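I'm opening my notebook on a structure that is new to me. Here is what I looked up, in the order I did it.

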Amino acid sequence: FGFPYPPLSLALAWPGHALLGDLRYSEALALVAALALMVSLGTEAALLAAGVLLLAPRLVFHLEQGWTEPFPMMLVALTVVTARRWTRWAWLPLGLLVASKQHMVLAFAFAPFLVSGCSRGPWATVSQAWPFLLKAVAVAAAVTLPLALLDVDAFIRSAVLLQLREPFRLDSLSLTRQLLAWGVPLEKQGAMAVSLAAGLLGLG
């Protein structure tokens, strides 16, 4: 059914496949980069986050399956580090993050924090946030459109519609899968509603 993720995920996986015969080398390197970026911040919260990621019980399973999550993880860390150290350039990794996986578009909700360098002070004003967001959108478009435009119909079917048509996956590591394991009856629509509610709660 085609490649079900945005082209950037394919580009990030390619070196491991091309150079070492297994895309998972790229994913392992992305995890190492994410951890290094987190540790480089030197704060207690960043070190705790790095420890939680490194000791996550299903991390090795993610690598074994060749799932794409290590790439967004690396790009989240890169976005935060850039916002803390080189604030005026944080739109660049944010655009790459949004282009790495479909649901990463939710990262745009954090743009006001990034414009202000992830400070605990006031959010950026709308006039500051809009140019920042537009540059991030331009980056996401620049790394997605060249391949997507080669066959727009195939791209929409593989990277957009497939995600909506896919059946509920029992191999997922989601909250809804755990609810099923606990005996809560959920079908695909109910699982999507629970996931969306949990995601919005997390964003809040």
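**Overall fold**

I began with contacts, meaning heavy atoms within 4.5 Å. Among contacts in the chain between residues at least 6 apart in sequence, 59% join residues at least 24 apart.

Before going on, I noted that this is a predicted model, where local features need pLDDT of at least 70, side-chain atom pairs count only at pLDDT 80 or more, and totals for chains, interfaces and linings use all residues. Residues are numbered from 1 along each chain as its sequence is written, and side-chain values use heavy atoms, with hydrogens and water left out.

Next I looked up the secondary structure, and the chain has 11 helices and zero strands. Helices here are DSSP runs of H or I with at least four residues, strands are runs of E with at least two, and both are numbered from the N terminus. The chain's radius of gyration is 18 Å, close to the 17 Å from the globule rule for 204 residues, so it is as compact as a globular protein of that length. That radius is taken over C-alpha atoms, and the rule is 2.2 Å times the number of residues to the power 0.38. Along the principal axes, the C-alpha atoms fill a box of roughly 45 × 45 × 40 Å.

I also checked burial: 33% of the 204 residues count as buried. Buried means under 20% relative accessible area, exposed means over 50%, and partly exposed is in between, using a 1.4 Å probe and protein chains only.

**The core**

Which residues touch the most other members of the largest nonpolar core? I found Leu-53, Leu-94, Leu-97, Leu-114 and Phe-132, in a core of 33 residues. Such a core is a set of buried Ala, Val, Leu, Ile, Met, Phe, Trp, Tyr and Cys residues joined through side-chain atoms within 4.5 Å. The helices that each supply at least two of its residues include helix 1 (7–20), helix 3 (44–54), helix 6 (91–98) and helix 8 (126–148).

I then followed Leu-94. Setting aside neighbours within four places in sequence, Leu-94 is in contact with Thr-79, Ala-107, Phe-108, Ala-111, Leu-114, Phe-132 and Ala-136.

**Helix 2**

I checked the length of helix 2: its 17 residues should span 24 Å at 1.5 Å a residue, and its end C-alpha atoms are 24 Å apart, which agrees. The expected span is 1.5 Å times one less than the number of residues. Its buried residues are Ser-26, Glu-27, Ala-30, Leu-31, Ala-34, Leu-35, Leu-37 and Met-38. What covers them includes helix 1, helix 3, helix 4 (59–65) and helix 5. After helix 2 comes Gly-42, with a positive phi near 75°.

**Aromatic rings**

How many aromatic pairs does a search of the whole structure find? I got three. The ring centres of Phe-3 and Tyr-5 are 5.8 Å apart with planes at 75°, so this pair is edge-to-face. For Trp-89 and Trp-91 the centres are 5.9 Å apart and the planes are at 35°, so that pair is tilted. Rings of Phe, Tyr and Trp (its six-membered ring) pair if their centres lie within 6.5 Å; planes under 30 degrees apart count as stacked, over 60 as edge-to-face and the rest as tilted.

Trp-89 is partly exposed at 43% relative accessible area, whereas Trp-91 is buried at 15%. Trp-89 came up again when I looked at Thr-82, which touches Thr-87, Trp-89, Ala-90 and Pro-93, not counting residues up to four places away in sequence. Thr-82 lies in helix 5 and counts as buried at 9% relative accessibility.

I found Phe-61 in helix 4. Arg-58 lies over the face of Phe-61, at 4.4 Å from the ring centre. A charge sits over a ring if NZ of Lys or CZ of Arg is within 6 Å of the ring centre and within 35 degrees of the ring normal. Beyond neighbours within four places in sequence, Phe-61 is in contact with Trp-67, Asp-171 and Leu-173.

**A loop residue**

Is Ser-100 buried or exposed? At 0% relative accessibility, Ser-100 counts as buried. I placed Ser-100 in the loop between helix 6 and helix 7. Leaving aside neighbours within four places in sequence, Ser-100 is in contact with Pro-6, Leu-8, Ser-9, Pro-72 and Leu-75.
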